[in-house]
Structure formats: structure tokens, C-alpha cells
Amino acid sequence: MRRETQNILLVLLGGALLKLALTGTYLRYVKESLQPWLVVTGGVMVVLALVSIVRDIRGGQQDPSGVEHAGHEHGTSRSPWMLLLPVFAVFLISPPALGADTVNRSDRNAAQEAKASSGFAPLPSDAVIPLTISEFVTRTAWDDSGSLDDRTVKLTGFVVRKDADVFIARLTISCCAADASPVKAKMVGQDFAALPTDQWVEATGRVVPGSATKESAFVPTFTVSEVVPIATPEDTYEG
């Protein structure tokens with residue numbers, strides 16, 4: 001690969017990484033805490049490429065005798081330019097975050113193995129308690145004190161349908177979208193026909209005590225009193 005090609009690819013790849021990090025699109029792929037590393041990595045790639053370009057310009061591509069190189073190439077490969085495809089994808093295409101299809105491809109609930117060994121913190125006394133779906137499922141499955149019984153909670157997630165059942169779901173990630181695992185609750189008590197799959201909602205209601213069991217794959221049943229469609233949040237994953 002020619003040095004000019006290397007420099008161009010490095011600038012484009014670094015620029016694509018900076019675009020992802022600075023526009024918030026990176027949240028579709030990795031956790032929020034990784035943004036500074038993406039910015040630094042993209043910046044270093046661009047700086048290295050620019051320094052190399054400046055050095056090449058100043059060097060004039062001449063040999064020690066002052067004669068300019070002819071620049072002959074034999075069998076130049078086109079394969080390096082294939083590296084531009086993911087760059088063009090980043091600049092021209094805005095892929096959505098993972099959604100209902102990913103949830104339906106797994107029969108497990110991410111919180112099913114998250115048994116707490118040291119108990120749960122007391123819930124606030126608010127009339128409506130906002131919870132992540134992960135905490136909601138974990139408390140329902142493993143909190144023997146029944147802290148959620150008869151408490152009204154608000155969950156935020158997207159609509160998933162499987163057979164005749166409707167769920168509110170999120171995807172949890174440890175590092176990036178490649179390790180995403182679903183967490184969900186089955187919604188009952190309302191007519192959800194008007195809500196399309198992958199629609200983001202805020203659902204308010206109460207858990208059916210004892211519904212998150214091994215037999216239900218630790219998916220609790222959530223009796224919904226109100227469900228409101230909302231815009232897709234910037235960060236679609238739960239950490």
C-alpha cells in the first residue's frame with residue numbers, strides 16, 4: 001500500500017471515529033463511559049496521518065541525488081480501498097440501535113443470574129418510582145422482602161412482541177453492542193395493539209408478585225395502568 005493511501009485511510013478512519021464519538025452515534029455501539037477513549041483514538045489517528053502527509057510534502061519524494069522518484073508500481077492491489085467501505089457506512093448510513101429482533105433471538109433474561117448477595121437498597125417513598133428494567137426484573141426475581149409489591153413503578157423501554165405476548169424491553173451491555181443481553185417484562189392490563197414493535201414507551205403500573213420465576217425465564221408480569229409513547233432516547237442501552 002502506498003504511503004499516500006495509508007495517510008488518506010488513516011484520516012478517514014480517524015474522522016469517522018470522531019464523528020461517532022462527537023455526535024452521540026457511538027452510543028449505538030458502546031457504553032457512554034468509552035466516549036473519551038474514542039475521541040482520543042480518533043484524534044491520534046488524524047494527527048498521525050497529517051504529520052505523515054506534511055513530512056512527505058516537505059521531503060518532496062526525492063532520493064539523495066535530488067532526482068524525483070518515478071513512483072512505479074507493479075500489480076497495485078485494490079484491497080486496501082475496501083477499508084473505505086466501513087468509513088462510508090459511518091458517514092452515509094445511520095444504523096439503528098439493536099431492538100426487538102435481538103430480544104426475540106434470546107430466551108433468557110439478562111437479570112436471571114444477577115442474584116444479589118447483600119440485599120437491595122430501600123426504595124424511595126415516591127408515589128411512582130422510576131426504575132430501570134434490569135432493577136425491576138432483578139428485584140422481582142430475587143428480593144424476598146417483596147419490596148415492589150403494591151408499589152407503582154415507571155419503566156422505560158421499547159415494545160417487543162412474541163406470539164400473543166407483548167413486552168417492554170431493554171438491552172444491557174457490559175462494554176459494547178456485541179455483548180448485548182435482553183431484559184424484559186411482560187405487559188398486561190391494556191390494549192397494546194396501537195403500539196408498533198420497537199416503539200419506545202414509558203409504562204406505569206405494578207408487578208404481579210412472584211411472576212419472575214425460573215419457569216417464566218425470570219420475566220416478570222407487569223400490570224400496566226398507563227403507557228405513553230416517547231421518542232427514542234439518545235442512550236438506548238442499560239449498563
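I counted the aromatic pairs in this predicted model. The count comes to 3 aromatic pairs.

I looked up the pair of Phe 136 and Phe 222. Their ring centres are 5.2 Å apart. Their planes meet at 70°, so I noted the pair as edge-to-face. The cut-off for that label is over 60 degrees.

Next I checked where the two residues sit. Phe 136 belongs to helix H5 (residues 133-142), and Phe 222 belongs to strand S6 (residues 221-229). The two parts are 86 residues apart in sequence, so this pair ties them together. Are Phe 136 and Phe 222 buried or exposed? I found Phe 136 buried, and Phe 222 is buried too.

I then turned to Phe 158 and Trp 200. They also form an edge-to-face aromatic pair. I noted 5.4 Å from centre to centre and 65° between the planes. Phe 158 is in strand S2 (residues 152-162), while Trp 200 is in strand S5 (residues 200-207). This pair links distant parts of the chain, 42 residues apart. Both Phe 158 and Trp 200 are buried.

I looked at a charge beside a ring. Lys 184 lies over the face of Phe 167. The distance to the ring centre is 4.6 Å.

Last, I went to the surface. Which residues form a nonpolar patch there? I listed Val 40, Val 44 and Leu 48. Together they have about 260 Å² of accessible area. I picked out Val 44, which is found in helix H2 (residues 35-59). Its relative accessible area is 43%, and Val 44 is partly exposed. Patch residues need over 30%, so Val 44 passes that cut-off with its 43%.

Terms used:
Residues are numbered from 1 along each chain as its sequence is written. This is a predicted model: local features need pLDDT of at least 70, side-chain atom pairs count only at pLDDT 80 or more; totals for chains, interfaces and linings use all residues. Side-chain values use heavy atoms; hydrogens and water are left out. Patches are made of residues with over 30% relative accessible area and no salt bridge: like charges are joined within 9 Å, nonpolar side chains (Val, Leu, Ile, Met, Phe, Trp, Tyr) within 5 Å. Accessible areas come from the Shrake-Rupley method with a 1.4 Å probe; for residues, only the protein chains shown count as cover. A salt bridge is a side-chain nitrogen of Lys or Arg within 4 Å of a carboxyl oxygen of Asp or Glu. Helices (H or I, at least four residues) and strands (E, at least two) are DSSP runs, numbered from the N terminus. Buried means under 20% relative accessible area, exposed over 50%, partly exposed in between (1.4 Å probe, protein chains only). Rings of Phe, Tyr and Trp (its six-membered ring) pair if their centres lie within 6.5 Å; planes under 30 degrees apart count as stacked, over 60 as edge-to-face and the rest as tilted. A charge sits over a ring if NZ of Lys or CZ of Arg is within 6 Å of the ring centre and within 35 degrees of the ring normal.
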